[in-house]
Amino acid sequence: MDTETLQFTTNLLEGATRRKNILENVHICGLTSKNGYRYSPDALKNAIPLYENVDVYVNHNNSKPRPVEEKIGLAKNISFKESTGLWGDLVLNEKHPAYEQLVWFADNMPSKVGCSHDVDGKINRSAQLVESIKVVHSVDIVS
């Protein structure tokens, strides 16, 4: 077991609603990642405060700190739903160059845009289980 940066992608906008510059009810993180890792429900529940007010960026970028030009908003009102994982609202900067494009996807093709988090956590590799999330660096909007 060790700590490493994890990335998880899920459909971001399916089921979300938009109120002005806020995407409400966004699926932030599910219980299984595309790379085969499972997230324990307790790991996600315990990480809720770490996701609250975390920065939201357009696309992934491994540089730290992230460029301000990539920041589009922040995550709010994070909650856990038993069968699906973490949900919340994205408060978006209407002046960001990618804002109109993201809103278009929200309104027209919500399944084509995803949410991927960049976190550090404790992983049980033999069980492919994320046991805890220690740091949430960002929530990234990806295709």
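Predicted model: local features only at pLDDT ≥ 70, side-chain atom pairs only at ≥ 80, totals over all residues.
Residues are numbered from 1 along each chain as its sequence is written, and side-chain values use heavy atoms, with hydrogens and water left out.

Let's start with strand 3 and its partners. Helices (H or I, at least four residues) and strands (E, at least two) are DSSP runs, numbered from the N terminus. Two strands pair if DSSP finds at least two bridges between them. Strand 2 and strand 3 run antiparallel and are joined by 3 bridges, with Arg 19 taking Ile 22 in strand 3 as its bridge partner. The two strands make a hairpin with 2 residues between them, and Lys 20 in the turn has a positive phi of about 55°. Strand 3 also pairs with strand 7, in the antiparallel sense, over 5 bridges. Ile 22 turns up again here, as its bridge partner in strand 7 is Val 91. How many of the 8 residues of strand 3 are buried? The count is 6, so strand 3 is largely enclosed by the rest of the structure. Buried here means under 20% relative accessible area, exposed means over 50%, and partly exposed is in between (1.4 Å probe, protein chains only).

Lys 20, back in that hairpin turn, counts as exposed because its relative accessibility is 60%. Lys 20 also forms a salt bridge with Glu 94, the closest N and O atoms being 3.9 Å apart. That pair links distant parts of the chain: Lys 20 is in the loop between strand 2 (17-19) and strand 3 (22-29), while Glu 94 is in the loop between strand 7 (85-92) and helix 2, 74 residues apart. A salt bridge, for the record, is a side-chain nitrogen of Lys or Arg within 4 Å of a carboxyl oxygen of Asp or Glu. Glu 94 is partly exposed, with a relative accessible area of 39%. By this rule the count comes to 6 salt bridges.

Next stop, strand 5. Strand 5 (residues 55-58) runs antiparallel to strand 6 (residues 71-81), and 3 bridges join them. On its other pairing, strand 5 goes with strand 9 in the parallel sense, over 3 bridges. Which residue is the bridge partner of Tyr 57 in strand 6? It is Lys 71, and in strand 9 the bridge partner of Tyr 57 is Asp 140.

Both of those partners also take part in salt bridges. Lys 71 forms one with Asp 55, with the closest N and O atoms 3.3 Å apart. Here Lys 71 sits in strand 6 and Asp 55 in strand 5, 16 residues apart. Lys 71 is partly exposed at a relative accessible area of 31%, and Asp 55 is partly exposed at 25%. Asp 140 meets Arg 66 in a salt bridge (3.1 Å, N to O). Arg 66 comes from the loop between strand 5 and strand 6, and Asp 140 from strand 9, 74 residues apart. Are these two buried or exposed? Arg 66 counts as buried because its relative accessibility is 13%, and Asp 140 counts as buried at 1%. Salt bridges that share partners join Arg 66, Glu 70 and Asp 140 into one network.

Now for the cysteines. With a disulfide taken as a pair of cysteine sulfur atoms within 2.5 Å, the count comes to 0 disulfides. Cys 29 is in no disulfide, and the nearest cysteine sulfur, that of Cys 115, is 8.4 Å away. Cys 29 counts as buried at 0% relative accessibility, and Cys 115 counts as buried at 0% too.

Finally, the largest pocket has a volume of about 200 Å³. A pocket is, on a 1 Å grid over the protein atoms alone, an open set of points where a 1.4 Å probe fits, with protein on both sides within 12 Å along at least five of seven lines; lining residues have an atom within 4 Å of a point. The volume is the space filled by probe spheres set on the points, with grid points joined across faces, edges and corners. Among the lining residues are Val 58, Gln 101, Phe 105, Lys 112 and Ile 141. Helix 2 (99-108) and strand 9 (129-142) are the elements that give two or more residues to the lining, and helix 2 provides the largest share, 3 residues.
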